Amino acid sequence: NQSSLKDAYKNDFYIGTALDINQIEEKDAKTTQLIAKEFNAITAENIMKSMFVHPEKNKFDFETADKFIAFGKKHKMFIHGHTLIWHSQLPKWFSEIKDSAEMNAALENHITTIVKKYKGKVDSWDVVNEAVNDDGTLRKSVFFKALGEDFIAKSFQLAAATDPKVDLYYNDYSMENPTKRAGVIRMVKKIQEKGIKIDGIGMQSHWHLNSPTIEEIEESILEYAKLGVKIAITELDVSVLPSPYGMQGAEVSQRFANNEKMNPYPKSLPDSMQVKLAQRYADIFKLFLKHKDKISRVTFWGVNDTQSWLNDFPIKGRTDYPLLFDANLQSKKAYYNVIEAAKK
Ligand code: G3I
């Protein structure tokens, strides 16, 4: 079977995957072959986050990020940088800044150094990640506490000034929640009203079998598109397990600690669930195709099930089956449905 995801969607949008260090080091030939065959875009799952590239105040470490770029160039892929400004996976020195002048200087040094380093190599950046709360207010992150909401526009401005050609994205999860969406739209409009460049919105798309609904996803695609920006599906996966959202901290650990109750599929995904997952992916890609004029890229958050972050979320040791390839790198039913969707 010679078909591949990237060929099936070559006239529609890029098909990407997130990669982590072991994959770019090409330690397993079968994995490398699969990545090269199926995908034409890559995102660094962790490698470009601040704790790795900027571990100390005046020290950058680009060794692994350089390997990630080299992997993308070697395989002629679209390269997406993830992420410049995020409140999570921050190095200690960054997370401890309280003074506004110091934060301004840190932001400037961080963004300009990294964007300059990969100018002409990275095709698009997540400039700011996850700055909006579910209720539409801005997250009270270390950046917000030091600089107020200005840190967002300023980050875009710095990135645009350093590399005017690279596409600049705002990226977040739960982008289908209408209250959060309203907050994101307010925030993007403020950036645009200042005349600062923002090219796209990234909908992370960490979804479940039944939520959000196709209608909710479509409504968000249409609403964001009204801002005149590109839309990318940046971290797609579909969890088959009960959602931990809405539970409080203690409840999450208590319920997920009981693996039997919350994780009924310890060894493999039963056929009936394979079918449900495949149907869900078919519905999702049908919607993406309907709006392909608005969507620049669809990226999966990982290559195969064993490697997914969901296996350890919200506590270590969960087993989930969210992607198109199984533990043995075999195509799941969902894979064939995604290929079939492109032919309709
Ligand atoms: O770097 C340490 C390593 O030194 C240590 O040996 C190892 C042992 O567990 O942990 C390593 O850190 C891990 C890190 O990934 C780097 O591999 C953390 O434990 C682990 O929690 C961390 O998880 C990442 C998570 O972001 C952190 O928030 C996931 O791999 C990554 O998939 C996930 O990605 C995020 C996006 O960036 C933003 N959107 C949500 C998405 C899912 O949470």
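**Figure 1. Met203 in strand 6 of the predicted model.** Met203 is part of strand 6, which covers residues 200-203; the coordinates shown here and in the other views are those of a predicted model. Met203 is buried because 26 other C-beta atoms lie within 10 Å, and the cut-off for a buried residue is 20 or more. Not counting residues up to four places away in sequence, Met203 touches Met175, Ser220, Ile231, Ile233 and Thr234. The view also takes in Asp172, which is 31 residues from Met203 in sequence, with a C-alpha to C-alpha separation of 5.9 Å.

Figure 2. The residues around the ligand are Glu45, Asn46, Ser88, Gln89, Asn129, Tyr173, Gln204, Glu235 and Trp309. By class, the shell around the ligand holds 5 polar, 2 nonpolar and 2 charged residues.

**Figure 3. Packing of helix 7 against helix 9.** Two packed helices are described by the angle between their axes and by the distance between those axes. For helix 7 (residues 100-117) and helix 9 (residues 150-162), the angle is about 35 degrees and the axes are 9 Å apart. The crossing of helix 7 and helix 9 is right-handed. Helix 7 contributes Leu107, Glu108, Ile111, Thr112, Val115 and Lys116 to the contact, and helix 9 contributes Phe151, Lys154, Ser155, Leu158, Ala159 and Thr162. The residues of this contact comprise 6 nonpolar, 3 polar and 3 charged.

**Figure 4. Helix 9 and the elements that cover it.** Helix 9 consists of 13 residues. From first C-alpha to last, helix 9 reaches 18 Å, close to the 18 Å expected at 1.5 Å a residue. Its buried residues are Phe151, Ile152, Lys154, Ser155, Phe156, Gln157, Leu158 and Ala159. The cover over the buried residues of helix 9 includes helix 7, strand 4 (124-129), helix 8 (142-147), strand 5 (167-172) and helix 10 (178-193).

Figure 5. Ala159 counts as buried because it has 26 C-beta neighbours inside 10 Å. With residues up to four places away in sequence left out, Ala159 touches Leu84, Ile111, Val115, Trp125, Val127 and Leu168. One of these contacts, Val127, is 32 residues from Ala159 along the chain, and the two C-alpha atoms are separated by 7.4 Å.

**Figure 6. Two cis peptide bonds in loops.** Most peptide bonds are trans. The bond from His82 to Thr83 is cis, with omega near 0 degrees. Thr83 is found in the loop between strand 3 (78-81) and helix 6 (92-95). The bond from Ser211 to Pro212 is also cis, with omega near -10 degrees. Pro212 is found in the loop between strand 7 (206-208) and helix 11 (214-225).

Figure 7. Most residues other than glycine have a negative phi. Glu26, although not a glycine, has a positive phi of about 55 degrees. The loop that holds Glu26 runs between helix 2 (21-24) and helix 3 (29-38). Glu26 is partly exposed, with 15 other C-beta atoms within 10 Å. Ser174 is not a glycine either, and its phi is positive at about 50 degrees. The loop that holds Ser174 runs between strand 5 and helix 10. Ser174 counts as buried, with 21 C-beta neighbours inside 10 Å.

**Figure 8. Tyr281 in helix 14 and Ala341 in helix 15.** Tyr281 lies in helix 14 (residues 271-290), and Ala341 has its place in helix 15 (residues 333-343). Tyr281 is buried, with 23 other C-beta atoms within 10 Å, whereas Ala341 is partly exposed, with 19 other C-beta atoms within 10 Å. Ala341 and Tyr281 are 60 residues apart in sequence and 9.0 Å apart in space, C-alpha to C-alpha. Neighbours within four places in sequence aside, Tyr281 is in contact with Val238, Ala334, Asn337 and Val338. Tyr281 and Leu19 are 262 residues apart in sequence and 21 Å apart in space, C-alpha to C-alpha.

Technical notes: Residues are numbered from 1 along each chain as its sequence is written. This is a predicted model: local features need pLDDT of at least 70, side-chain atom pairs count only at pLDDT 80 or more; totals for chains, interfaces and linings use all residues. Axes are lines fitted to C-alpha atoms, for helices over the stretch in contact, and angles run from 0 to 180 degrees between N-to-C directions. Helices (H or I, at least four residues) and strands (E, at least two) are DSSP runs, numbered from the N terminus. A crossing is left-handed if the near helix is turned anticlockwise from the far one by less than a right angle, and right-handed if clockwise. Two residues are in contact if their C-beta atoms, placed from the backbone, lie within 7 Å. Ala, Val, Leu, Ile, Met, Phe, Trp, Tyr, Cys and Pro count as nonpolar, Asp, Glu, Lys and Arg as charged, and the others, Gly among them, as polar. A residue is near a molecule or strand if its C-beta atom, placed from the backbone, lies within 6 Å of it. The expected span of a helix is 1.5 Å times one less than its number of residues. A residue is buried if 20 or more other C-beta atoms lie within 10 Å of its own, exposed if 12 or fewer, and partly exposed in between; C-beta atoms are placed from the backbone.
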